[in-house]
Amino acid sequence: MIKVAIIGTGNICPSHIQAYLAFPQRCQIVALSDIYPEKAQERVQQFNLNAHVYADYHTLFEREKPDLVSICLPPYVHAEVAIAAMEAGANVVCEKPMASSLAECDRMIEAEKRTGKWICCVAQNRFRDDYMGLKEILDAGLIGRIVHAQIDSYWWRGHSYYDLWWRGTWEKEGGGCTLNHAVHHIDLLLWMMGMPQRVTAVLSNAAHDNSEVEDISVAVLEYAGGALAQITSSVISHGQRQNVIFQGENAMVGVPWQRYASTSMPNGFPVENTQLEAEIDAMHQAHQPLVHTLHAAEIDDVLSAIEQGRPPFIGSADGRRTVELITAIYESGSTRRTVELPLKTDDVFYTTQGIVENARHFYKKGASIENFTDEGMQNSFGR
Ligand SMILES: NC(=O)c1ccc[n+]([C@@H]2O[C@H](COP(=O)([O-])OP(=O)(O)OC[C@H]3O[C@@H](n4cnc5c(N)ncnc54)[C@H](O)[C@@H]3O)[C@@H](O)[C@H]2O)c1
């Protein structure tokens, strides 16, 4: 039986609890920790857990000796807690983003090597039938070489969203909607299309004058071979209508599901390629539905990784790569110049301090509220 501890019992914590509870023969939640222990106690009651509550995660690690630790904390403490968990002998499931900076990601990766433990980075949207099916079609090469990707990471959050104490600051939230919302779509893009060579971005804050960080960014990514990807990260988009669209040389496919294939007439104008569309449709329909989805699916993989002695499907290299691209977007948007990848360790945006000192600060953080109720959280991406 795998002993699980969860650190941080706010909004995302129930997704972890429910995921572990889906596998009662394989794991047991033995402890929860939060700097507000009454919040952890509420979770114990809400889910009828047989788990101890701790205000301090160090004491939890010492007394409970968990095999697996879920980190559901603000980004600025991910590295510190992940490293402490691995040093205490546990593998880690770390909520997105992996950390606030590449320097912190690298410290976490160094701790993996030193302790022999690993970090699974949460990117639960890979475990959705629509995205998994899209990835299968791209991998099969049916649309040909990808020439353009359009990622609309459209969300909407009201002004008060940034009043929570750790949000809306470069130091604690680590960034705005690019890091904390578009991170999901950026992980999907990198999974499907790989890393670009350079990034040019514009950051802005158009509607949240209580926050230092951006509420919209537009980034253009240049790939070897000439392909472009554009990512719009936003928390000012009513209706949250999100799109992931890949244009290949032979056809386009996207989520929400869409496809179109063209061939060229002798004069270069398009004509619909219904034969290729039929092949794409057949592959789309042949997708085997996942047994579990979202957090439950990722936790299933993590439990299997422990049982089988293998690394998890989504590990620290994936988490780091996502943070690297987002850092490049912040650097480009703050310095108003194009940024080449990979970022070097002497890059001024490599450390959290470098980001805090050099990222564009839009407004002064306003109110600082200790806790909201978690009502309304459920319209989040994929949940
Ligand atoms: N995967 C997803 O879809 C998804 C959705 C929402 C949030 N998240 C991520 O989950 C993380 C937490 O976000 P949230 O919305 O649950 O935040 P939250 O503020 O609702 O919860 C965080 C909890 O951590 C506690 N905490 C803070 N510092 C602590 C410390 N040092 N030790 C112990 N407890 C501490 C807080 O008291 C709070 O209860 C963030 O990294 C966020 O980006 C992921």
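Reply: At the boundary, 29 residues of domain 1 are in contact with 31 residues of domain 2, contact meaning heavy atoms within 4.5 Å. This is a predicted model, in which local features need pLDDT of at least 70 and side-chain atom pairs count only at pLDDT 80 or more, while totals for chains, interfaces and linings use all residues. Residues are numbered from 1 along each chain as its sequence is written, and side-chain values use heavy atoms, with hydrogens and water left out.

The chain is divided into domain 1 (2–125 + 293–315) and domain 2 (126–288 + 322–379), with bounds that come from an automatic or database domain assignment. The area buried between domain 1 and domain 2 is about 2,700 Å², and carbon and sulfur atoms give 63% of that area; buried area here is the accessible area (1.4 Å probe) that two parts lose on being put together, summed over both. Of the area that domain 1 buries against domain 2, N11, L102 and N125 supply 25%, more than any other three residues. Between the two domains, 15 residue pairs are in polar contact, both residues at pLDDT 80 or more; such a contact is a pair of N or O atoms within 3.5 Å, where within protein one must be able to donate a hydrogen and the other to accept it, and residues adjacent in sequence count only if both atoms are side-chain atoms.

As for the ligand, domain 1 and domain 2 both give residues to the shell around it, so the ligand lies between them. That shell holds 27 residues, the closest being D34, K39, K96, Q124 and W166, where a residue belongs if one of its heavy atoms lies within 4 Å of the ligand. An oxygen atom of the ligand is 2.6 Å from an N or O atom in the side chain of D34, and an oxygen atom of the ligand is 2.8 Å from an N or O atom in the side chain of W166.
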